[in-house]
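Subject: Structure handover

Hello,

The structure is below, followed by notes on what was found in it. Please read the notes with the structure open.

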Amino acid sequence: MSAALESLLDLLDLEQIEQDIFRGTSRSAVVPRVFGGQVAAQALVAAGRTVPDDRGAHSLHAYFLRPGDPGAPIVYSVDRIRDGRSFTTRRVVAVQHGKPIFHLSASFQVHEDGMDHQAVMPSAPDPESLPTAAEMLPRYADRFTDPRMVDRLLEARAAVDLRYVDAPPFATAGEPREPRSQVWFRTHGKLADDPLLHVCMATYVSDMTLLDSVLLAHGRGGWSVGDVVGASLDHAMWFHRPFRADEWLLYDQESPSASGGRGLGQARIYTADGKLAITVIQEGLVRVPRG
């Protein structure tokens, strides 16, 4: 296991300070605020720790309310909305400096058998044939206004092996493309056999690239290039089938719409053997900077 992955696991191991109240810290991000995937994953950890072990997370719906301060702890308060025979529902509010910065609703379900069908996995190259972030990012160092950006991106993604199928937005800025993007990802090391941990890790990664397809449609390079400003607004995930975040997952993303200063990304995450594991939808604030 890489040191970066160990650090991320420590970040997700929240401190319990009272019944149903947890505290977490933050790590540095590319932007000067708490990374959205981090607060979403930590909130799901908090919710999951109040749920019986026989119930796995099947969906989450979240709103990003305020930018998080990476220098201050985040307190997660869990509300036990409902404990039914099959489903358990939790609401989590993340608070900093006395104000809510994030709100999550999550639902958990006892395993049961039922009807089964899924969308077919799209074609994609073998992830092992694609360049790693360490191999790919330095090629585009001249695209970034901040000379430290390559190192900052590598640090932010050090716990995860994330490989682009096609060129990322910052590589083709100024050239509008089809609003579709694919990446393969897995953690840099094996994880424990805890289904909640794998779900939380996928939640963490899901916020890294989902709005890329919005940028591609307009030939924008993204936050690291400086030709857009934005932030995640809301985020929803449905967990359909078991998966491991330490094994290759294909993140197939597209953007059906952008309007009103907002862009919508939707995606499906497949296991390497073609099982549809997760559906993700996110809307983000995407604005062109005023010159």
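Ala-158 sits in the loop that joins helix H4 (149-156) to strand S7 (160-164); helices (H or I, at least four residues) and strands (E, at least two) are DSSP runs, numbered from the N terminus. Ala-158 counts as partly exposed because its relative accessibility is 29%; buried means under 20% relative accessible area, exposed over 50%, and partly exposed in between (1.4 Å probe, protein chains only). Leaving aside residues up to four places away in sequence, Ala-158 touches Ser-2, Ala-4 and His-188, where contact means heavy atoms within 4.5 Å. The C-alpha atoms of Ala-158 and His-188 are separated by 7.7 Å, and the two residues are 30 residues apart along the chain.

This is a predicted model, in which local features need pLDDT of at least 70 and side-chain atom pairs count only at pLDDT 80 or more, while totals for chains, interfaces and linings use all residues. Residues are numbered from 1 along each chain as its sequence is written, and side-chain values use heavy atoms, with hydrogens and water left out.

Helix H2 covers residues 36-48, 13 residues in all, and spans 18 Å from its first C-alpha to its last. That is close to the 18 Å expected at 1.5 Å a residue, the expected span being 1.5 Å times one less than the number of residues. H2 is mostly covered, with 13 of its 13 residues buried.

Next, the helix packing. Two packed helices are described by the angle between their axes and the distance between the axes. The axes of H2 and helix H5 (residues 195-209) come within 7 Å and cross at roughly 160 degrees; axes are lines fitted to C-alpha atoms, for helices over the stretch in contact, and angles run from 0 to 180 degrees between N-to-C directions. H2 is therefore roughly antiparallel to H5 (angles under 35 degrees count as roughly parallel, over 145 as roughly antiparallel, 65 to 115 as roughly perpendicular and the rest as oblique). On the H2 side the contact is made by Gly-36, Gly-37, Gln-38, Ala-40, Ala-41, Leu-44, Val-45 and Gly-48, and on the H5 side by Leu-196, Val-199, Cys-200, Thr-203, Tyr-204 and Asp-207.

Leu-196 is in H5 and counts as partly exposed because its relative accessibility is 22%. Leu-196 touches Leu-44, Gly-48 and Phe-108, not counting residues up to four places away in sequence.

The axes of helix H1 (residues 3-12) and H5 come within 12 Å and cross at roughly 105 degrees, so H1 is roughly perpendicular to H5. Here Leu-5, Leu-8, Leu-9 and Leu-12 of H1 meet Leu-197, Met-201 and Tyr-204 of H5.

Last, the rings. The structure holds 6 aromatic pairs; rings of Phe, Tyr and Trp (its six-membered ring) pair if their centres lie within 6.5 Å. Ring pairs join Tyr-140, Phe-144 and Phe-170 into a cluster.

Regards

Definitions and conventions:
Rings of Phe, Tyr and Trp (its six-membered ring) pair if their centres lie within 6.5 Å; planes under 30 degrees apart count as stacked, over 60 as edge-to-face and the rest as tilted.
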